[in-house]
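Me: I would like to go through this model term by term. Please set each value against its definition.

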Amino acid sequence: MERNIYLQTVTLEEALQCFEDKTTASFRKTIEEIPVEGSFGRITAEPIYAKYSNPNFNASAMDGIAVISKTTRMADERNPVRLTKDTEFVFVDTGDVICEPYDSVIMIEDVRIIDETHVEIITPSHPWQHVRMIGEDFVVGEMLLTRNHKITAVDLGALVSGGIEKLKVYAPLRVGLIPTGTEIVEIGTKLKSGDILESNTRMFAGLVLESGGMPIRYPIVSDDKELLRQALQKAVKENDFVVINAGSSAGSEDYTASLIKELGEVWIHGIDIKPGKPAILGAIEGKPVVGIPGYPVSAYMTFKHFVIPMIEGIKPPQKWMEATLSQAVPSSLKHKEFVRVQLGNVDGKVIATPLKRGAASTMSLVKANGILTIEKESEGFISGSKVMVEQTRKHLELEKALVSIGSHDLIMDWVADLLLGEKKETYLLSAHVGSLGGILAIKRGEAHVAPIHLLDENTGEYNVKEVLRYLSGEEMILIKGMKRWQGFYMRKEDTMIDSIRDLVQKNLSFINRQKGSGTRLLTDYFLKKDLVNKDQIKGYETEVLTHTAVAQAVLSGNADVGVGIESVARQMGLSYKAVAKEDYDFLIPKRFMEMTIIKDFIDTIQSEAFKQRLVEAGGYEIEPLQYVSIGGNSCKITLEGR
Ligand SMILES: Nc1nc2c(c(=O)[nH]1)N[C@H]1C(S)=C(S)[C@@H](COP(=O)(O)OP(=O)(O)OC[C@H]3O[C@@H](n4cnc5c(N)ncnc54)[C@H](O)[C@@H]3O)O[C@H]1N2
Ligand code: MOO
């Protein structure tokens, strides 16, 4: 069995430098001449000069009459000047040619029509008044665009006005994309256990297009060295740049590095970054070849660092901003790490909420609008640290982000969707850290809203006590009215229970929620009520962060029973036994209540469309909203509905 152990790693900076040095010598861009109509988004290969002036003649800028300026010099209120058609004036419209002897235009509003052939004016018209002189915009021979300029829509207008029919641009870099792996299958295949849908090169194709290149995607190649060799040789022949996806690490069937070495050279294998460590940089026949690690986030990171700048010809500009971390991000000291974050603006402070760290988490890429870099040999950051974050979605305005941190529920996804559907501007960023985590985020000024459901066992009341306990200083609004059902998740055949006691008696395993979540509190309340000790529960120590993760564990057989909301049980087709109806409240600092994003949020949860979704999902009830005002150690209900 052939294995390649590559643990020789270099820093990202060294790798970038090496790649840049080695490729500029060997790698040229071809230039092509194309019609102007097809040049949008292309990069100019030479400066472009106007063939015509704009305008190309003296043109009237207004509807009116063209006059000879010197004949109007004496006009005033008391001594109007009378002009005769065709010798002293002609009627002109905007854009008409102004030619000798005329040199000036008077707007029609300022002309008194006397008869068919005579007009009078009462103010002099100075030379070139309301005339766009030849070349006013640009003159023949003037440079319209420099070289290395990416052609935009407005540039197209200027080019055509300047008479440019064809222009020289760089041929888009042809980027060959080879997906590899015996377990990798095309979209449309019915998945068997072990199959993985080929998604990385689809993402790459998008990234190549976004950067102005031309993606050429090849069929999936299984882990067979000969087939891979053929695919690689073909791609090298047909492209300027080749990307091989997966097979980069130390597996017994990871051939990428050894093949590139056989056919060309490998400069680097292994970079001190996470995700993205096993990346390979090399060349075959003078064309750069990059071996990309298979995990989607690793794939994205290496593509972003090594392929995109090569396509664009320049390193794309980065936009950095300072942000406060809402959760700790510890690091292992071993690599430079890239953590995907959600950036939002709370009270003028940019808050970065870290997303899932795993290299296989595609959703962390989908949800992120920023990337936080943790340098090698750094222990990471504690919650509340000020960090610099690279913004990845510049079109999203942070001011429009409604930051929600707290308990998990599917309804937050529906709210997000409805906000963008109906309000179109406010977008929801929601992080699931449990109810207590939500209250603490509000306390630290890191969220606008916290969805919470914390039961007070003694009174049966929800949330008020905990809000008072942590947030007695500032006035808070607790929006009440949402109710939801929680119960046991079970598989139909074998794991049916009616109570926690049954769970113990039937010796079934449990999947728990994290400490600080409302569902964990509810579970502990069931235990107390049924006089069951947590040590009797198999799996009590295994925690996950969401209802969906609990349901998935039960569905897959990794656990037998869990506690969660009804809507998720229905969505995932699990058996379910209802046990408790709880208040799912929204905690909002009073000072935010007048913000548009908060008003949009409240409008949305009161909308018919939202209620409709609750009905469709099942397991929810919504009553007219009540605003409970909590602050200064007091609690009063101030408003009913809106
Ligand atoms: N013993 C070691 N094992 C691994 C190491 C290591 O240092 N020592 N590194 C790990 C790291 S870090 C990464 S990253 C991965 C890279 O793996 P490969 O590039 O060899 O890729 P595969 O093993 O073929 O695939 C891994 C994984 O990636 C996903 N994948 C692959 N191709 C696609 C695709 N076209 N579309 C979507 N997803 C894809 C899939 O989940 C594969 O299972 O190696 C670790 N191992
Ligand atoms: O480099 Mo791997 O990408 O850390 O997962």
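Me: What makes the 126 residues a nonpolar core, and which of them touch the most other members?
Reply: A nonpolar core is a set of buried Ala, Val, Leu, Ile, Met, Phe, Trp, Tyr and Cys residues joined through C-beta atoms within 7 Å. Buried means that 20 or more other C-beta atoms lie within 10 Å of the residue's own; 12 or fewer is exposed, in between is partly exposed, and C-beta atoms are placed from the backbone. The 126 residues form the largest such core, and Val-243, Tyr-489, Val-554 and Leu-587 touch the most other members. Helix α6 (residues 296–312) gives the largest share, nine residues; a helix here is a DSSP run of H or I of at least four residues, a strand a run of E of at least two, numbered from the N terminus. Another core, of 16 residues, lies apart, with Ala-75, Leu-83, Phe-89 and Val-105 among them.

Me: What kind of model is this?
Reply: It is a predicted model, where local features need pLDDT of at least 70 and side-chain atom pairs count only at pLDDT 80 or more, while totals for chains, interfaces and linings use all residues. Residues are numbered from 1 along each chain as its sequence is written, and chains are lettered from A and ligands numbered from 1 in the order in which they are written.

Me: Which residues is Val-554 in contact with, beyond four places in sequence?
Reply: Contact requires C-beta atoms, placed from the backbone, within 7 Å. With neighbours within four places left aside, the partners of Val-554 include Tyr-489, Ile-511, Val-561 and Leu-574.

Me: How does the radius of gyration of the protein compare with that of a compact globule?
Reply: The radius is taken over C-alpha atoms, and the globule rule is 2.2 Å times the number of residues to the power 0.38. For 642 residues that rule gives near 26 Å, but the protein has 34 Å. The C-alpha trace spans about 110 × 75 × 45 Å along its principal axes. The C-alpha centres of domain 3 and domain 4 lie 66 Å apart, with domain bounds taken from an automatic or database assignment.

Notes
Contact = placed C-beta atoms within 7 Å.
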